[in-house]
Amino acid sequence: HQSDRQSQNFLKLARRQTLSEDILWNEPTKVNAEPVLTGHTQPSASTDAAHANDFDALTRLARQLCDTPIASISSMRQERVWYLAAQGVQLGSVNARIAFEPHTFKSNNATLVVPNTMADDRFATHPFVSQPPRIRFYAGATIFGPDDQAFGCLSVMDCVPRSLGDA
């Protein structure tokens with residue numbers, strides 16, 4: 001069944017991603033809180049450029065596997081969600097109170113699928129739902145670091161309600 005296969009591929013892809021302890025990401029020196037979507041976060045000089053390329057490749061692969069226009073890898077630091085890589089939309093950082101990713105971290109199995117954000121009370125009035133990019137579908141899986149602590153989130157999104165199997 002294609003829907004099951006796509007879901008399994010997405011979860012396998014997310015769970016295989018672990019990060020070695022030598023990957024360091026420094027926060028940008030200037031954080032612009034307005035608008036909610038800001039410029040793309042760049043890795044610091046201490047970060048191996050190959051890791052940034054890996055994150056970009058992973059988001060491209062997730063976008064292709066799930067047939068979605070948007071994919072991202074994010075990390076929570078303090079009260080913000082920082083987007084380390086994004087395909088299909090320019091993302092920088094958002095306040096964690098309005099991000100989708102904290103809901104993924106809190107989910108029972110470290111994954112969250114929201115087929116229709118407009119029909120989900122947690123997201124119906126969310127700025128990413130009510131304003132551009134007008135997200136209607138969200139799927140996220142937590143990425144764990146080598147210490148088994150949640151590092152971040154691999155997410156795919158679409159502007160139409162759907163499931164992971166819709167292609």
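Begin by selecting strand 1 and strand 2, which form a hairpin with two residues between them; strands are DSSP E runs of at least two residues, and helices are H or I runs of at least four, both numbered from the N terminus. Within the turn, Gln78 has a positive phi of about 55°. The model is predicted, so local features need pLDDT of at least 70 and side-chain atom pairs count only at pLDDT 80 or more, whereas totals for chains, interfaces and linings use all residues. Residues are numbered from 1 along each chain as its sequence is written, and side-chain values use heavy atoms, without hydrogens or water.

Next, display the pairing in the hairpin. Strand 1 (residues 70–77) and strand 2 (residues 80–87) are antiparallel and share seven bridges; two strands pair if DSSP finds at least two bridges between them. Arg77 has Arg80 as its bridge partner in strand 2.

Colouring strand 1 by accessibility shows seven of its eight residues buried (buried is under 20% relative accessible area, exposed over 50%, partly exposed in between, with a 1.4 Å probe and protein chains only).

Select Met157 in strand 6. The residue is buried, at 5% relative accessibility. Beyond neighbours within four places in sequence, its contacts include Thr68, Ile70, Phe137 and Tyr138, where contact means heavy atoms within 4.5 Å. Gly88 lies 69 residues from Met157 in sequence, with a C-alpha to C-alpha separation of 9.4 Å.

Move to the largest nonpolar core, a set of 19 residues in which Phe100 and Tyr138 have the most contacts. Such a core consists of buried Ala, Val, Leu, Ile, Met, Phe, Trp, Tyr and Cys residues joined through side-chain atoms within 4.5 Å. At least two of the residues come from each of strand 2, strand 4 (111–114), helix 4 (127–130) and strand 6; strand 2 gives the most, with three. Centre on Phe100: among the residues it touches, leaving out those up to four places away in sequence, are Phe123, Phe128, Val129 and Tyr138.

A second, separate core has 14 residues, including Phe55, Cys66, Ile143 and Leu154.

Cys66 is buried at 0% relative accessible area, whereas Cys159 is partly exposed at 38%. The whole structure contains zero disulfides, a disulfide being a pair of cysteine sulfur atoms within 2.5 Å.
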